[in-house]
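Hi,

Here is the model I promised to pass on.

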Amino acid sequence: MKSKFHRLAAIVLLSGFWNVARAEVGFHSDWKNALKPKGTPAAELTLAADGRTDYVIVVPASPSDQDEKASGELSQWRGEVTGAEFRVVAESEIPATAKYISIGRTVLLRRAGLPAAGQDLGDEGYAIAVRGDDLFLLGGKMRGPIYAVFAMLEEDIGCRWYTRGSSTIPQLRHLTVRPVPRSFVPTLRIRDPFY
């Protein structure tokens, strides 16, 4: 009898946790961005206003799988935040009047002459840099560009993913950021909780 009761209680308890985990979590009125990066912020960039953007996401002429994944994630989540469509284009297709967010080791990055362009980021490191109105997200040989994108989304914008089905994504029709130029190279060789 006890065994059946314990199984039933566990099922009820777990189903309650499952429903909570799938919920969209909103911001508490006293919420502060604890992940906000430290350092001197760059000039203010208006990435979207009233559901529109002047920015495109630029990938190298021959993007790596990581560059493509990073650009897709950035496009999706910036769209979720602002309602604007952040198009992904190859370097050769940048509209003349567009501002851009460069993903990976683009020619644009090399031409900008930023210190981050020459930095060794290893396999998993990333860097975030700004030149004028343009933003550069780059990373090491493996998942670095993806980490750069999620660092920007989490640390500079305030997006949070708690579990597969639970997240807090700010809804901002007007998205203005002052990104802190930075780089990070992890001490560990691989980021894997099951390693």
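Predicted model: local features only at pLDDT ≥ 70, side-chain atom pairs only at ≥ 80, totals over all residues.

**Arginine 182 and its surroundings**

Setting aside neighbours within four places in sequence, arginine 182 is in contact with Pro37, Tyr126, Ala127, Ile128, Ala151, Met152, Glu155 and Asp156 (contact means heavy atoms within 4.5 Å). Residues are numbered from 1 along each chain as its sequence is written, and side-chain values use heavy atoms, with hydrogens and water left out.

Back to arginine 182, which sits in strand β10 (residues 182-184). Helices (H or I, at least four residues) and strands (E, at least two) are DSSP runs, numbered from the N terminus. Is this arginine 182 buried or exposed? Arginine 182 is buried, at a relative accessible area of 15%; the cut-offs are under 20% for buried and over 50% for exposed, with partly exposed in between (1.4 Å probe, protein chains only). Its side chain makes a polar contact with the side chain of glutamate 155 at 3.0 Å, and another of 2.6 Å joins it to the side chain of aspartate 156. A polar contact here is a pair of N or O atoms within 3.5 Å; within protein, one must be able to donate a hydrogen and the other to accept it, and residues adjacent in sequence count only if both atoms are side-chain atoms.

Now for helix α4 (residues 144-157). Of its 14 residues, 12 are buried, among them Ala151, Met152, Glu155 and Asp156. Just after α4, glycine 158 takes a positive phi of about 100 degrees.

Strand β6 (residues 134-139) is covered too, with six of its six residues buried. Asp134, Phe136 and Leu138 lie on one side, and Leu135, Leu137 and Gly139 on the other. The β5–β6 hairpin has two residues between its strands, and glycine 132 in the turn has a positive phi of about 60 degrees.

Cheers

Note on methods
Expected span 1.5 Å × (residues − 1). Pairing = 2+ DSSP bridges.
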